[in-house]
Amino acid sequence: MNGWVSHTFCLSVLLVSLLNHVLAWSSQDLHCGACRALVDELEWEISQVDPKKTIQMGSFRINPDGSQSVVEVPYARSEAHLTELLERVCEKMKEYGEKVDPSTHRKSYVRVISHDGTKMDLSETKMDGDVTTRLKFACERIAEEYEDELIEFFSRETDNVKDRLCSKRTDLCDHALNIPHDEL
């Protein structure tokens with residue numbers, strides 16, 4: 001009887017450990033997916049701004065010589081525009097669904113409503129309030145926690161923002177890429 005109790009206890013510990021691992025894995029998938037969707041949405045929003053649109057930056061105070069230290073910068077990548085985008089971009093998560101890879105059981109998040117209205121392949125995509133609520137919450141956390149990094153990356157055009165920000169800078173997607181930082 002004593003051996004049965006210890007065997008049951010070991011099995012229980014193993015199951016709890018496995019459940020914790022699966023929950024952590026699911027959380028990593030969610031945060032990685034939210035980061036990647038956030039970057040996609042920011043890139044889309046920036047691309048929609050008229051490149052000729054500018055904003056004045058600098059000090060509006062008049063210097064002793066009568067001049068002002070004001071410069072015109074492109075609005076699309078200005079701190080003001082990026083801050084405005086970060087305040088509302090996570091609302092776009094309602095346009096995403098969850099896909100589960102049948103072989104790895106890993107979750108990814110994909111747009112279910114295209115930006116231009118084209119029909120999308122929604123096979124094997126779960127779309128419900130629970131998915132969008134979790135994704136939106138994760139997006140908001142990332143936007144708040146990594147606001148400075150997001151503004152830094154998007155204020156100047158860079159290649160591979162999604163991989164560089166979501167993997168190398170924040171470690172939110174390291175589990176998914178399995179690529180050492182130096183190889184990105």
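Some ground rules. The model is predicted, so local features need pLDDT of at least 70, side-chain atom pairs count only at pLDDT 80 or more, and totals for chains, interfaces and linings use all residues. Residues are numbered from 1 along each chain as its sequence is written, and side-chain values use heavy atoms, leaving out hydrogens and water.

Start with the sheet. Strands of a sheet pair through backbone hydrogen bonds, either parallel or antiparallel. Here, 3 strands make an open sheet, ordered β4-β3-β5, with antiparallel pairing. Strands are DSSP runs of E, at least two residues; helices are runs of H or I, at least four; both are numbered from the N terminus. Two strands pair if DSSP finds at least two bridges between them. β4 (107-111) and β5 (125-126) are the edge strands, each pairing on one side only.

Now β3, residues 96-100. It is joined to β4 by 5 bridges. One example: Lys-99 has Ser-108 in β4 as its bridge partner. β3 and β4 form a hairpin, with 6 residues between them. In that turn, His-105 has a positive phi of about 65°.

Next, helix α3, residues 129-145. It lies across β3, β4 and β5.

Last, Gly-33. Where does Gly-33 sit? In helix α1, residues 2-47. Gly-33 is buried, at a relative accessible area of 10%. Buried means under 20%, exposed over 50%, partly exposed in between, with a 1.4 Å probe and protein chains only. Gly-33 touches Tyr-109 and Leu-135, not counting residues up to four places away in sequence. Contact means heavy atoms within 4.5 Å.

Methods
Axes are lines fitted to C-alpha atoms, for helices over the stretch in contact, and angles run from 0 to 180 degrees between N-to-C directions.
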